[in-house]
Amino acid sequence: TAIFPLAVPSIASPGAMLAAVLLTKNSQYSLWEQTQTAAMMLSVLLIVLILLLAASWIHRIIGNSGASIISRVMGLILSSVAVSSVLAGIKEYFGL
């Protein structure tokens with residue numbers, strides 16, 4: 001079977017990288033604020049690491065049908081966010 005690294009683009013997406021760059025701008029944010037941003041990023045990465053390490057255990061609990069349901073619900077959420085984003089772009093472009 002093939003393995004697709006779906007979690008990695010979600011963790012280090014272009015939006016996340018842009019947010020990290022913008023929130024650590026030296027001319028706008030103090031060293032303390034940049035330290036807080038780095039601490040939050042590290043805590044999110046720690047939570048993601050824990051969840052990724054616990055994935056097989058969670059899969060054993062919810063089973064294949066539970067994983068399928070969660071996958072479908074997440075796909076529905078993703079598609080609704082995409083449609084919302086497209087509609088907002090159309091609304092802004094045409095000034096509606």
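How much of the accessible surface of the protein chain belongs to carbon and sulfur atoms? I started my notebook with that one. The accessible surface comes to about 8200 Å², and carbon and sulfur atoms hold 75% of it. A reminder to myself before going on: this is a predicted model.

**Entry: the overall layout**

I looked up the helices and strands next. The protein chain has 4 helices and 0 strands, and reading along the sequence gave me the pattern α-α-α-α. Then I checked burial, and found that 5% of the 96 residues count as buried.

Gln34 sits in helix α3, which covers residues 31-53. Its relative accessible area is 14%. The cut-off for buried is under 20%, so Gln34 counts as buried.

Which residues does Gln34 contact, once its neighbours within four places in sequence are left aside? I noted Leu23, Thr24, Lys25, Asn26 and Tyr29.

Thr37 also lies in helix α3. I read a relative accessible area of 14% for Thr37, so this residue is buried too. Not counting residues up to four places away in sequence, Thr37 touches Leu23 and Thr24. I had already written down Leu23 and Thr24 as contacts of Gln34.

I turned to the second largest pocket, and its volume is about 250 Å³. Helices α1 (7-11), α2 (14-23) and α3 each give two or more residues to its lining. I found 13 residues in that lining, with Ile11, Ala16, Met41, Val44 and Leu45 nearest the centre of the pocket.

What kinds of residues line the second largest pocket: nonpolar, polar or charged? My tally reads 11 nonpolar, 2 polar and no charged.

**Entry: a pair of rings**

The partners are Tyr93 and Phe94, with 5.0 Å from centre to centre and 85° between the planes. Planes over 60 degrees apart count as edge-to-face, so that is the label I gave this pair.

Are Tyr93 and Phe94 buried or exposed? The cut-off for exposed is over 50%. Tyr93 has a relative accessible area of 69%, so I put it down as exposed. Phe94 comes in at 55%, and therefore it counts as exposed as well.

How values were computed. Residues are numbered from 1 along each chain as its sequence is written. This is a predicted model: local features need pLDDT of at least 70, side-chain atom pairs count only at pLDDT 80 or more; totals for chains, interfaces and linings use all residues. Side-chain values use heavy atoms; hydrogens and water are left out. Rings of Phe, Tyr and Trp (its six-membered ring) pair if their centres lie within 6.5 Å; planes under 30 degrees apart count as stacked, over 60 as edge-to-face and the rest as tilted. Buried means under 20% relative accessible area, exposed over 50%, partly exposed in between (1.4 Å probe, protein chains only). Accessible areas come from the Shrake-Rupley method with a 1.4 Å probe; for residues, only the protein chains shown count as cover. Contact means heavy atoms within 4.5 Å. On a 1 Å grid over the protein atoms alone, a cavity is a set of points where a 1.4 Å probe fits but cannot get out, and a pocket is an open set with protein on both sides within 12 Å along at least five of seven lines; lining residues have an atom within 4 Å of a point. Grid points are joined across faces, edges and corners, and a volume is the space filled by probe spheres set on the points. Ala, Val, Leu, Ile, Met, Phe, Trp, Tyr, Cys and Pro count as nonpolar, Asp, Glu, Lys and Arg as charged, and the others, Gly among them, as polar.
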